[in-house]
Amino acid sequence: MAGKIRLEDRECPLSSALGHVGEWWTLLILHDAFDGYTRFDQFQANLGVSSSILTSRLKTLTGQGLLERRRYQTRPDRYEYVLTDLGRSLRPVVVALAAWGNSRLDPSERSMILVDRNTGVEADPVIVDRSTGRPLDDADFVFAAGPAASEAMRKRYEHIPTESAHSDG
């Protein structure tokens, strides 16, 4: 999917992330992996995806380092697909997407909810700034040009002050 990124978006982390997980089946496969599925037949049975699409997506996910292909049987060789650290780091993103989807529904219409494994109490996920604990959906948080930004990216965000802009000199 990286070929679908426009030239001007190549430095945008959102475009880059969508290049990895922006396909419908990709997020659903990752969701199943977070739920403990590791084998081709498990993914296929749960998702109802064709074997050719699943093969393609699993190849892409392993190529991107989100899943690792491991042999679990010989004669015949059979493989499982295990989340890597990079793949596991996407879990909060998938949780946030699911929470956003649920927020649009009446509670009685939600088919899947996030709960504490030990207590069964439903969680209400929010994304917060690690240093302040403030929710990031606050309008005070905006995107700004980073240290590696191109001239076009710097121009786009020139009206946003950043610490690095003040310390550059």
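Helices (H or I, at least four residues) and strands (E, at least two) are DSSP runs, numbered from the N terminus. The structure is a predicted model, in which local features need pLDDT of at least 70 and side-chain atom pairs count only at pLDDT 80 or more, while totals for chains, interfaces and linings use all residues. Residues are numbered from 1 along each chain as its sequence is written, and side-chain values use heavy atoms, with hydrogens and water left out.

The loop between S1 and S2 is described first. Arg75 is placed in this loop, and Pro76 lies in the loop between strand S1 (67–73) and S2 as well. The peptide bond that joins Arg75 and Pro76 is cis, with omega about 0°. Arg75 also has a positive phi of about 55°, although it is not a glycine. For reference, most residues other than glycine have a negative phi, and most peptide bonds are trans. Accessibility is expressed as relative accessible area (1.4 Å probe, protein chains only), where buried means under 20%, exposed over 50% and partly exposed in between. Arg75 has a relative accessible area of 81% and is therefore exposed.

The search for pockets used a 1 Å grid over the protein atoms alone; a pocket is an open set of points where a 1.4 Å probe fits, with protein on both sides within 12 Å along at least five of seven lines, and lining residues have an atom within 4 Å of a point. Grid points are joined across faces, edges and corners, and a volume is the space filled by probe spheres set on the points. The volume of the largest pocket is about 1,500 Å³. Its lining comprises 41 residues, and Leu14, Val93, Ile127, Leu136 and Phe143 are the ones nearest the centre of the pocket. At least two lining residues are supplied by each of helix H1 (13–21), helix H6 (91–103) and helix H7 (151–156). H6 provides the largest share, 8 residues. By class, the lining of the largest pocket contains 32 nonpolar, 5 polar and 4 charged residues. In this scheme Ala, Val, Leu, Ile, Met, Phe, Trp, Tyr, Cys and Pro count as nonpolar, Asp, Glu, Lys and Arg as charged, and the others, Gly among them, as polar.

A nonpolar core is a set of buried Ala, Val, Leu, Ile, Met, Phe, Trp, Tyr and Cys residues joined through side-chain atoms within 4.5 Å. The largest nonpolar core has 17 residues, of which Ile29, Leu30, Phe43, Leu58 and Leu67 touch the most other members. Two or more residues of this core come from each of helix H2 (24–34), helix H3 (40–47), helix H4 (51–63) and strand S2 (78–83). H2 gives the most to this core, namely 4 residues. With contact taken as heavy atoms within 4.5 Å, Leu30 is in contact with Val21, Leu61, Leu83 and Leu90, leaving aside its neighbours within four places in sequence. Another core, of 6 residues, lies apart from it and includes Cys12, Ala145, Ala149 and Met153.

Thr84, in the loop between S2 and helix H5 (85–88), is buried at 16% relative accessibility. Residues up to four places away in sequence not being counted, Thr84 touches Gly65, Leu66, Leu67 and Glu68. Asn102 lies in helix H6 and is buried, with a relative accessible area of 15%. Leaving aside its neighbours within four places in sequence, Asn102 is in contact with Arg110, Met112 and Ile113.Salt bridges, defined as a side-chain nitrogen of Lys or Arg within 4 Å of a carboxyl oxygen of Asp or Glu, number 7 in the whole structure. One of them joins the side chains of Glu122 and Arg110, at 2.7 Å from N to O. Glu122 and Arg110 each lie in the loop between H6 and H7, so this pair ties together parts that are 12 residues apart in sequence. Glu122 is partly exposed at a relative accessible area of 37%, and Arg110 is partly exposed at 24%. A salt bridge is also formed by Asp77 and Arg71, with the closest N and O atoms 3.4 Å apart; Asp77 is partly exposed, at 42% relative accessibility. The side chains of Arg70 and Glu68 meet in a salt bridge of 3.3 Å, N to O. Arg70 has a relative accessible area of 36% and counts as partly exposed.

Ser150 is placed in the loop between H6 and H7 and is partly exposed, at 29% relative accessibility. The C-alpha atoms of Ser150 and Glu11 are separated by 7.9 Å, although these residues are 139 residues apart along the chain.
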